[in-house]
Amino acid sequence: MMNFKQSAQIGIGYRYEIHDWTLANLDSFDVLEITIDHYLVGGAARREAIAALVGQIPLIAHGIGLSVGTAVLPDQTYLDNIARALDELEIEWYSEHLALTKVPGIDLANLLPLPRTEEVAEQVINNVNFVKSRIPAAQFGLENISYMFDYPESTMGEAEFLNLICRETDSYIMLDVENVVVNSRNYHYDPRAFVDSLPADQVLEIHMAGGFFFEQTRIDSHSQPVSPETLGLLDYVMQVCEPRSIILERDDRLGAVDEIAADVSAIRNVVGRGNENAKSAVA
Ligand SMILES: [Fe+2]
């Protein structure tokens, strides 16, 4: 794998709702992450807006519709549509969640965790290999999700399960740092130990986000500024990993663009580059 430490690109997940603001501040980002499902089924206006970004700024893709944890092979037509979309958008990096979002015939409309067993890992490995065979032009990555329940039959830890699948399928790790913080808080483990147990050279993309506490539970809402705790863990991650991109995810309270701008600046400060690679500060 390449060494990206000196050139980690920092950007945001593209959201059509703040298209005008994003375009007006494009020089402040090194990269934008497209939700590829939104390009495929989000309507003509959104599709055209995303397509118009090609050539203006590097793009990477994130998916939400694959459900790589479902116990049947992913839908071939869906994968072919993803492959075509990546080609149209000149995108070579495509990540998805290590999760279950559907069972045959039913979309569960949620990212659900998987029982972490050898049997499930084997099915996911089959599915990922199928994905990679249908989308050979892209590098494929898997993201650690946050979860609100766990399975008693799990025999592996989160990192062990993620590592096994990524190693066996030659997939990179999309490390969601907020999800590590959320899970470590809710399930009482050391977030740095989780980071330490990942193969550092496979962590090629990073997600950052902000959530909130509901009573004692930390919620991964993508609605708030990134917490100091999560920025602190990013700092730790950057000491051991060499990601090629760091993406801020915001999916709620999108009108608070000043918070998004401040988060991007905070991430740049943690990474230690200030705004030197951005042509101008975020307005
Ligand atoms: Fe994420």
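Q: What radius of gyration would a compact globule with 283 residues have, and what does the chain have?

A: This is a predicted model. A compact globule with 283 residues would have a radius of gyration near 19 Å, and the chain has 18 Å, which agrees. Along the principal axes, its C-alpha atoms fill a box of roughly 50 × 40 × 40 Å.

Q: How many helices and strands does the chain have?

A: There are 10 helices and 12 strands. Of the contacts with a separation of 6 or more, 77% are between residues 24 or more positions apart. As for burial, 41% of the 283 residues count as buried.

Q: Why do residues three or four places apart in an α-helix point the same way?

A: An α-helix has 3.6 residues a turn, so residues with that spacing point the same way. Now the case here. In H9, Thr-230, Leu-233, Leu-234 and Val-237 are buried. Seen down the axis of H9, the buried residues fall within an arc of 110°, so they line one face of the helix. On the other side of H9, Pro-228 and Gln-239 are exposed.

Q: What do the buried residues of H9 pack against?

A: They pack against strands S8 (172-176) and S9 (203-208), and against helices H7 (177-187), H8 (191-196) and H10 (257-271).

Technical notes:
Residues numbered from 1 in each chain as written. Predicted model: local features only at pLDDT ≥ 70, side-chain atom pairs only at ≥ 80, totals over all residues. Buried ≥ 20, exposed ≤ 12 C-beta atoms within 10 Å, placed from the backbone. Helix = DSSP H or I, 4+ residues; strand = E, 2+ residues; numbered from the N terminus. Arc of directions from axis to C-beta. Contact = placed C-beta atoms within 7 Å. Rg over C-alpha atoms; globule rule 2.2 N^0.38 Å.
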